[in-house]
Amino acid sequence: MNKILIRCIFLFIVIGLFLLIILKSRSPFGESNSSFASEPKEEITKIEFSENGKKLTLEKKGESWIINGKSEARKSGVYFILRILKEIKIKSPVSPEMYENEINGKNVIPVKVRVYEKRILLKTFLVYKTGSNIYGNIMKIKESSKPFMVYVPGYEGDIGSGFSVNELFWQPYTVFNLLPSEIGSVNFENLSDTASSFSIINRDHHYFLHDALGNLTGWDSSLVVRYISYFAWVPFESWAFEIGEAEKKSIETQQPLYRLTVITITGRKHVLTLWGLLNNKGDTKAIDSDRLLGKTEERDELFIMRYFDIDPLIKKRSYFFRR
């Protein structure tokens, strides 16, 4: 009898330990419904986004990531999405009421995400972009799964923005990337102070400073050469995708603050137009002192530039004359 009791106790202990291990390894919400992070054996090699009939693929080729098999992706954007995919965790479940109001009620179409390591599908899930939380999203493993608010530990920004099918989002955020030897002329228009405008002309690898009436004298050639060198890399901060078409047209009909036209020695023309950026503060609107709105003729989209990045090119004509 004692042997039977001992065996029963031992069996209960074994079963208890087994259940404890199983329960401990499972997500409190059910792993099949809530495991969003990708765990590759070596590395993630391909990411697919699809939304409302649009599709975008990022794939690693050598040391670079390629957008839709065509052009190289912006490195900072790829590092950002890779971090999200590997470190994403659940912040909290989403109530049926919140899901109904924020997703169904607003007809939010999800971005479907597929993550691969070579040919192996590591993870697939749905991202519903919303303004209901600071992380910019609600996610599900599949349509019938529970919805969750997710986040990346240590990052308090909008991770929802990283799931984009827009090719522009993944391209390098670059306005100018020109070596001095490539530049044929520069025309800077200060439209609020036209007397400060100027042009620089490259003649046989020598630069000459002009105003509206013609060639100037007395300027410092080293300052002109230094100015030309600033075009080697001029970035912008982000695309202004949140600005609607009506507001965009309104902005573009206003007089800009500055216009910068660069023509290369091969005849290619680059035009950058800059407007003040309104910064909403309570019930008042003020011009942002740190950022500008910009647009080039290459793309029909506005972007945001920091003064820190464009300031080296916003000079008055007097800059080139030593005092």
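In the hairpin formed by strand 3 and strand 4, with 3 residues between the strands, N68 adopts a positive phi near 50°. The model is a predicted one, in which local features need pLDDT of at least 70 and side-chain atom pairs count only at pLDDT 80 or more, while totals for chains, interfaces and linings use all residues. Residues are numbered from 1 along each chain as its sequence is written, and side-chain values use heavy atoms, with hydrogens and water left out. Helices (H or I, at least four residues) and strands (E, at least two) are DSSP runs numbered from the N terminus, and two strands are paired if DSSP finds at least two bridges between them.

Strand 3 and strand 4 (residues 71-72) run antiparallel and are joined by 2 bridges. Within this pair, I67 stands opposite S71 of strand 4. Strand 3 (residues 64-67) also pairs with strand 2 (residues 54-61), again antiparallel, through 4 bridges. Here K60 stands opposite W65 in strand 3. The hairpin of strand 2 and strand 3 has 2 residues between the strands, and G62 takes a positive phi near 65° in that hairpin.

Another antiparallel pairing, over 7 bridges, links strand 6 and strand 7. The bridge partner of Y116 is L121 in strand 7. These two strands form a hairpin with 2 residues between them, and K118 lies in the turn. The loop that holds K118 is the one between strand 6 (111-117) and strand 7 (120-129).

Most residues other than glycine have a negative phi. K118, although not a glycine, has a positive phi of about 60°. K118 is exposed, with a relative accessible area of 62%, where exposed means over 50% relative accessible area, buried under 20% and partly exposed in between (1.4 Å probe, protein chains only). D204 is likewise not a glycine and has a positive phi of about 55°. D204 is placed in the loop between strand 12 (198-203) and strand 13 (206-211). Its relative accessibility is 70%, and D204 therefore counts as exposed.

Helix 3 (residues 75-87) has 13 residues, which at 1.5 Å a residue should span 18 Å; the end C-alpha atoms are 18 Å apart, in agreement with that value. The expected span is taken as 1.5 Å times one less than the number of residues in the helix. The buried residues of helix 3 are G77, V78, I81, L82, I84 and L85. Viewed down the axis of helix 3, these buried residues fall within an arc of 160°, so they line one face of the helix. The arc is that of the directions from the helix axis to the C-beta atoms.

Pockets and cavities were computed on a 1 Å grid over the protein atoms alone: a cavity is a set of points where a 1.4 Å probe fits but cannot get out, a pocket is an open set with protein on both sides within 12 Å along at least five of seven lines, and lining residues have an atom within 4 Å of a point. Grid points are joined across faces, edges and corners, and a volume is the space filled by probe spheres set on the points.

The largest pocket has a volume of about 490 Å³. Its lining consists of 19 residues, of which S161, F169, Y173, W239 and F241 lie nearest the centre of the pocket. Helix 3 and strand 16 (238-239) each supply at least two residues of this lining, and the largest share, 3 residues, comes from helix 3. The lining of the largest pocket divides into 6 nonpolar, 9 polar and 4 charged residues, with Ala, Val, Leu, Ile, Met, Phe, Trp, Tyr, Cys and Pro counted as nonpolar, Asp, Glu, Lys and Arg as charged, and the others, Gly among them, as polar.

Y173 is situated in the loop between helix 5 (167-170) and strand 10 (174-176). Y173 counts as buried, at 11% relative accessibility. The C-alpha atoms of Y173 and F236 are separated by 5.5 Å, although the two residues are 63 residues apart along the chain.

The count of cavities of 30 Å³ or more comes to 1. The largest cavity has a volume of about 30 Å³. It is lined by T174, V175, F236, T296, E298, R299 and F303. By class, this lining has 3 nonpolar, 2 polar and 2 charged residues.
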